[in-house]
Amino acid sequence: MDNTPVRGTRLLFDIYQRCNIAVCEPPGYMEAKENQNWMDAMNEELSMIKKNKTWELVDRPYDRKVTGVKWVFRTKLNPDGSIYVEQPEGFVEKGAEDKVYLLRKALYGLKQAPRAWYSRIDDYLISLGFEKSLSELTLYVKHDSIDILIISLYVDDLLITGSNSDWVNKFKLEMKTVFEMTDIGLMTYFLGMEVEQSQDEVFICQKKYAKEILKKFQMEDCKEMRTPMNQKEKLVKEDGAAQVDETEFRSLIGCLMYLTATRPNILNAVSILSRFMHCPNETHMRAAKRVIRYIKGTWNYGVKFMKSKELKLIGFSDSDWGGSIDDMKSTYGYCFTFGSGMFSWSPKKQETVA
């Protein structure tokens, strides 16, 4: 048996199809038909729908509601009850213009699809001997006294890692007997996060996304800052400063919040700034842009996990003791490391006055 540690791999399960589209959708068919890549993608999706008998063309039921659908489809599993949908614009079959499709399986975009898909994949993983995490319902673990196999599910993407390559390969074969899938291989990019893997370490970062933030807010040439926040500055809701555009401030904070997925060093500052999204002023905006200036000098930071001989769980926590001037509540934070890398971190304002 091969006990060589297996680095993270990514499998894409667009059930009953192979097309994965990860770009911004055109607003309608008229715009999509101008892009040959989109036309090819739509033809492929429709081909897979027909191949798997997801729907059939029938006479229009005038006593039933017919659902309108967009021109991009993904098939899932059986829906609840009978559902009729219009033929997609630009793909109406000649000689059957007044007919509609009767769904035999759930169609991506309908409210039944996510529930049907999750129920199906959950049942199947449990049948293979996986146990579902009590704290994270899309995380599945299978292990014995020696080896472990971990599956993380995100919609129709599955991430796989484990200590035994035989287990991983066997799992892939088992999935192929039930689902059509695309094995993307060694994970390098997922949900905006870049993953750099070597024999003894894994580095997770969002370098590309950090640069996109700088570009979006036109701060590519800004002056770098050594810290994300001025510790001596206490932000309050009303300090006499002029109000700023609420939409822009929310957009900035939203971008920074997503960056905290791999940047625990900015989470406290971003958490404090997020309290002012409904009443931002120039002081708050200046503080938010300071975080971006800090990112300018640390755009390549992330979280590194290295091979460790000793797996020891270590936790740290602290509080600012009444740091919020507006309500005198404290903000506390914690972080945990296991072996070499930090895996959990969070700041939170307490509900009661210190």
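## Helix packing: α6 and α8

In this predicted model, helix α6 makes a left-handed crossing with helix α8. The two helices span residues 246-259 and 282-297 respectively. Their axes cross at roughly 35 degrees and come within 11 Å of each other.

On the α6 side, the contact is made by Glu 248, Phe 249, Leu 252, Ile 253, Leu 256 and Leu 259. These meet His 284, Met 285, Ala 288, Lys 289, Val 291, Ile 292 and Ile 295 of α8. Sorted by class, the contact between α6 and α8 holds ten nonpolar residues, one polar residue and two charged residues.

## Three-stranded sheet

An open sheet is built from three strands in the order β15-β16-β17, with antiparallel pairing. Strands β15 (313-319) and β17 (341-353) lie at the edges, and each pairs on one side only. From one strand to the next, the twist averages 15 degrees.

Seven bridges link β15 to strand β16 (residues 329-338) in the antiparallel sense. Ser 319 has Tyr 332 in β16 as its bridge partner.

## Four-stranded sheet

Another open sheet contains four strands, ordered β11-β12-β13-β14, and its pairing is antiparallel. The edge positions are taken by β11 (189-190) and β14 (302-306); each has a single partner strand, so one side of each is left without a neighbour in the sheet.

Strand β11 runs antiparallel to strand β12 (residues 193-197), and two bridges join them. Within this pairing, Tyr 189 is placed opposite Glu 194 in β12.

Notes: Residues numbered from 1 in each chain as written. Predicted model: local features only at pLDDT ≥ 70, side-chain atom pairs only at ≥ 80, totals over all residues. Heavy atoms only, no water. Axes fitted to C-alpha atoms, helices over the stretch in contact; angles between N-to-C directions. Left-handed = near helix turned anticlockwise from the far one by under 90°. Contact = heavy atoms within 4.5 Å. Nonpolar A, V, L, I, M, F, W, Y, C, P; charged D, E, K, R; others polar. Pairing = 2+ DSSP bridges.
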